[in-house]
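Q: Could we go through this chain together? I would like a plain account of its features.

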Amino acid sequence: MDDKHQDQSTGKAASSLPLPTSKRGFKGFWQETMAEFKKVHWPKRSETNRLTGVVIVICLGSVLLLYGLSTAFGEIMHILLKG
């Protein structure tokens with residue numbers, strides 16, 4: 001390594017990211033996971049239902065659009081290859 005990427009006191013490569021200071025093991029993982037879940041903004045049931053409806057409508061619209069395009073191109077190919 002070149003000199004500008006080494007720590008002058010130890011001669012080792014300098015780290016640009018700090019090391020994590022988290023607890024090890026399953027217990028530490030579980031505690032950190034529960035702490036993160038407490039920070040989450042959970043939507044109300046009405047908002048969840050509304051957004052689920054939006055997703056379903058968009059999916060059905062996409063299916064219908066793709067089916068229509070597939071049918072149209074299939075008919076065009078049928079006419080071109082038959083004629």
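A: What follows is a short account of the fold, the surface and the side-chain contacts.

Q: What kind of model is this, and how are residues numbered?
A: This is a predicted model, in which local features need pLDDT of at least 70, side-chain atom pairs count only at pLDDT 80 or more, and totals for chains, interfaces and linings use all residues. Residues are numbered from 1 along each chain as its sequence is written, and side-chain values use heavy atoms, with hydrogens and water left out.

Q: How many helices and strands does the chain have?
A: The chain has 2 helices and 0 strands; both terms refer to DSSP runs numbered from the N terminus (helices H or I, at least four residues; strands E, at least two).

Q: How much of the chain is buried?
A: Of its 83 residues, 1% count as buried. Buried means under 20% relative accessible area, exposed over 50%, and partly exposed in between (1.4 Å probe, protein chains only).

Q: Which residues form the nonpolar patch on the surface?
A: Leu65, Leu66, Leu69, Phe73, Ile76, Met77, Leu80 and Leu81 form it, with about 870 Å² of accessible area together. Patch members have over 30% relative accessible area and no salt bridge; like charges are joined within 9 Å, nonpolar side chains (Val, Leu, Ile, Met, Phe, Trp, Tyr) within 5 Å.

Q: Where does phenylalanine 73 lie?
A: Phenylalanine 73 is in helix H2 (residues 45-82), and it counts as exposed because its relative accessibility is 53%.

Q: Changing topic: how many salt bridges are there?
A: The search of the whole structure finds 1. It joins the side chains of lysine 39 and glutamate 36 (3.3 Å, N to O); the term requires a side-chain nitrogen of Lys or Arg within 4 Å of a carboxyl oxygen of Asp or Glu.

Q: Why are lysine 39 and glutamate 36 separated by about one helical turn?
A: Because they are 3 residues apart in helix H1 (residues 25-39). Lysine 39 is exposed at 63% relative accessible area, while glutamate 36 is partly exposed at 46%.

Q: How many aromatic pairs are found?
A: There are 3 in the whole structure. Phenylalanine 26 and tryptophan 30 form a stacked one, 6.1 Å centre to centre with 25 degrees between the planes. Rings of Phe, Tyr and Trp (its six-membered ring) pair if their centres lie within 6.5 Å; planes under 30 degrees apart are stacked, over 60 edge-to-face, and the rest tilted.

Q: Which aromatic cluster includes Phe26?
A: Phe26, Phe29 and Trp30 form one cluster.

Definitions and conventions: Accessible areas come from the Shrake-Rupley method with a 1.4 Å probe; for residues, only the protein chains shown count as cover.
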